[in-house]
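Here are a few notes to read alongside the model.

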Amino acid sequence: MPRNPVAADACRWQHRDPSRRIAPLEGAHRRVPEPVLHRVAAGDPAAVQEVLDRYGGLVWSLARRLCFNRAEAEDAVQEIFIDLWKSAGRFDASVASEPTFVAMIARRRLVDRRRRAARRPEPTPTIPGREASNGDRPDAPPTAAQRIEIGEEAERAGRALEELKEEQRDLLRMSIFQGLSHQRIAEATGLPLGTVKTHIRRGLIRLRELLEVPGREVKP
Amino acid sequence: MTPPSPPPPPVPSPNQPDGVPPERLLDLLADRATQGLDEAEARELDRLLAENPDVDPASFDFACAAAYLAMNGPEVEEMPASLREKVARAARQRIGAQPVGVASGDGVAPERVPLRLPAPVRPSRGPVYAGWVVGAAGLALAAAGWWPWGGRGGGPAAEGERMLARAGVVRATWTVPQTGEAAPGEVVWDPVACCGVMRLDACLPVNDPRVEQYQVWIFDATRDERYPIHGGVFDVPRDGKVVVPIEPRLPVREAIRIAITVERPGGVWVSDRSRMPLVAKLKTE
């Protein structure tokens, strides 16, 4: 059985030392809003409005990107928020930022829906570096209309992505951002399916490692 | 005949002595986070996770979420207002009885939250309506101290009070159509949510629900005037005080009038309007 020390490190996060939590960025003085999900979990109806204010656009944009059409996106968003209300009590700010938690809940639901609709044609892939000017989706790309607080963690992820090998970064973008299956990525890039899977897995492991290592500041 | 499906790939042994998780577990976690698993894979993942309790099952999901946020950046498309309203409505049912559409002090207009009604009773025969039957059955609120709406906590009275705070809500008073005289009580109608609440203050006689009941009608300017929309039936208790929700059974586009008729128990599909004790005009007709 091949051993992968990086994998071993990356997957022992469950019992990690609190001191190994994601370190704040030096010089980051931006105000971070107080988490609101615990108030939802406590049954505070007013907190729902705040969640919608903060994350409605994020969830909607994710759904628009990963769903086949607008009607499906609307259905998905309703399911996602039901999931979010159910999961609000599990939010732990020491594990992930609130935007990341919300994005994770949304992605899980969307990936699941996409899997169930796997027989349908996937959007045309766009190989990073060769994007059309209108974005990744051929049909109605999201129109930016709102700015959200994506969280310090996402900023770190952005820097961490820059540290990945170019091939890993490109394949992760096609998978995570464009929502393409590994098979579709293999067809689009000409890489063997196994190679695509390996790059994605190693890229994720590396990404998480870069997010996790204490005191290790990725290059700004 | 379909050949048997091939056996699953060999599963590596559980945790190695040094705690390194099996490659297959990492593959499945990465697959789940990026493209989902089929049922067999999901079962396999569950088994491997049970054998490797130190592995955080959500680790790749968090990494993907953070990466997505980084790739997307802070600019997002605003959620459509109608969808937001649906989400807020569902949240209200799950999280609490308080209105979830209250603006959070940022100038956002309050959302319209439609009323929730008890489940309708199935009609027993013919065109008899079930709807919500008020009064002795307990749906009408005839509580002491209810004036003007008397809503505390939940129920139609509280909903009526909350509706009054919303922008665009229409209020109307009752009129006796035969005489043109005003009658105590009022109607609050939300033209966006297309629902309302009505209050009657001892202006209708107590009815015997075994003999007759009051029925609510919503007149829609976009529909045939001969066929107003059914809004439910109710009874008047001894003190004459009634607060009931109005929830039309059909979509209402432009409500212009609410009327009350006296009908047989359960209501009717089409009223002859021979006994119409009260009308409330929502808009100038």
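1. A word on terms: angles under 35 degrees count as roughly parallel, over 145 as roughly antiparallel, 65 to 115 as roughly perpendicular and the rest as oblique. This is a predicted model, in which local features need pLDDT of at least 70 and side-chain atom pairs pLDDT 80 or more, while totals for chains, interfaces and linings use all residues. Residues are numbered from 1 along each chain as its sequence is written, and chains are lettered from A in the order in which they are written.

2. In chain A, helix α3 (residues 45–66) packs against helix α5 (residues 98–116) at about 30 degrees, the axes being 10 Å apart. The two helices, α3(A) and α5(A), are therefore roughly parallel.

3. Contact here means heavy atoms within 4.5 Å. From α3(A), residues including A:Tyr55, A:Leu58 and A:Leu62 meet a set in α5(A) that includes A:Val102, A:Ala106 and A:Leu110. The residues of this contact divide into 11 nonpolar, no polar and five charged (Ala, Val, Leu, Ile, Met, Phe, Trp, Tyr, Cys and Pro count as nonpolar, Asp, Glu, Lys and Arg as charged, and the others, Gly among them, as polar).

4. Over in chain B, strand β4 (residues 195–201) pairs with β7(B) in the antiparallel sense through six bridges; two strands pair if DSSP finds at least two bridges between them.

5. Do have a look at A:Glu163, which sits in helix α6 (residues 152–163) of chain A.

Conventions:
Side-chain values use heavy atoms; hydrogens and water are left out. Helices (H or I, at least four residues) and strands (E, at least two) are DSSP runs, numbered from the N terminus. Axes are lines fitted to C-alpha atoms, for helices over the stretch in contact, and angles run from 0 to 180 degrees between N-to-C directions.
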